[in-house]
Amino acid sequence: METDLSLDYTPERRAELEENVAEVLAEIKAASQDITPFKPARLVPISKIKPASDIKALYDAGHRHFGENYIQELADKAPVLPNDIKWHFVGALQSNKAKLAASIPNLHLLETLSSIKVADLLQKNLSAEQTLNVYIQVNTSGEDAKSGLPPLTSSSSPSDPLPELALHVIRNCDRLHLLGLMTIGSWDHSHEDMSKPNPDFSCLTETRDQLARILKDEGHESKDELELSMGMSADYAKAIKEGSSSVRVGTKIFGERPKKQ
Ligand SMILES: *Cc1c(COP(=O)(O)O)cnc(C)c1O
């Protein structure tokens, strides 16, 4: 499917998008009430498969963070949209696409880093002036179809894959900045009993605490404030109550997506 790169939107579409975002932001604010000091979680509208005009409409309304899930689609959209957009990439990044990702000057945050190989390729292909923030993706639900590294427990050590990658980024990749962890989580967990804690969210929080412990033992004190990217349209308010710092919301803002051909 060709990405629609036209930037022209109707006033009606802009009003609809702004209304949806306002609703989501109000819910985010309400869910963040108990966080002290008060700091509402960041909203990252996920615009995959949606036309560039939808992004431009929200940009014109003042929004700057947007997320995409297909690297070619991001590479097509980024150059036609304003260059102060802070792009998040939330899809799987194959090593043969690392160079393409590094070539997008306003790629702000790669949310899905999960290998040393990709970290090294990004480090190699980013220019000296570029810093790319990264989250490491964690496969909290353990599903085969999900990417990401295994979560951590109290018995995890620096040689486990996740701490190994984190330490590699900190020590060897000065163009990358390790900012946090991300999970997608299982569909069932985010649609089941909403009164119970979501096991994926508890798992990511525990993994962050264990990673902070290991990094501290290795001499990296400052890493106990790692951000957590968790929560999507179905469960972002819940994710925030369970500690999320950044939520990725697509459908609730842009509407249902057509199936990608
Ligand atoms: C598509 C996507 C989202 C947004 O999902 P919605 O359910 O539409 O809000 C969030 N995160 C990732 C990684 C995605 O691919």
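**Exercise 1. What volume does the largest pocket have?**

Solution. Start with the ground rules. The model is predicted: local features need pLDDT of at least 70, side-chain atom pairs count only at pLDDT 80 or more, and totals for chains, interfaces and linings use all residues. Residues are numbered from 1 along each chain as its sequence is written, and side-chain values use heavy atoms, with hydrogens and water left out.

Step 1. On a 1 Å grid over the protein atoms alone, a pocket is an open set of points where a 1.4 Å probe fits, with protein on both sides within 12 Å along at least five of seven lines.

Step 2. Read the volume, the space filled by probe spheres set on the points, which are joined across faces, edges and corners. The largest pocket has about 660 Å³.

**Exercise 2. Describe the lining of the largest pocket.**

Solution. Step 1. Lining residues have an atom within 4 Å of a point. There are 32 of them, and Lys48, Ile184, Met232, Arg248 and Arg257 lie nearest the centre.

Step 1. Assign elements. Helix H7 (187-191), helix H8 (199-217) and strand S8 (246-249) each give two or more residues to this lining. Helices (H or I, at least four residues) and strands (E, at least two) are DSSP runs, numbered from the N terminus. H7 has the largest share, 3 residues.

Step 2. Sort by class. Asp, Glu, Lys and Arg count as charged; Ala, Val, Leu, Ile, Met, Phe, Trp, Tyr, Cys and Pro as nonpolar; the others, Gly among them, as polar. The lining has 11 nonpolar, 15 polar and 6 charged residues.

**Exercise 3. Locate the ligand and list its polar contacts.**

Solution. Step 1. The ligand sits in the largest pocket (more than half of its atoms lie within 2 Å of the grid points).

Step 1. Take the shell (a heavy atom within 4 Å). It holds 13 residues, the closest being Lys48, Ser233, Gly250, Thr251 and Arg257. By class, 6 are nonpolar, 4 polar and 3 charged.

Step 2. Look for N or O pairs within 3.5 Å. Ligand oxygen atoms lie 2.8 Å from a polar backbone atom of Gly250, 2.8 Å from a side-chain N or O atom of Arg257, and 3.2 Å from a polar side-chain atom of Asn69.

Step 3. The protein covers 90% of the 390 Å² of accessible area that the ligand has on its own (Shrake-Rupley method, 1.4 Å probe).

Conventions
Polar contact = N/O pair within 3.5 Å; in protein donor to acceptor, adjacent residues only side chain to side chain.
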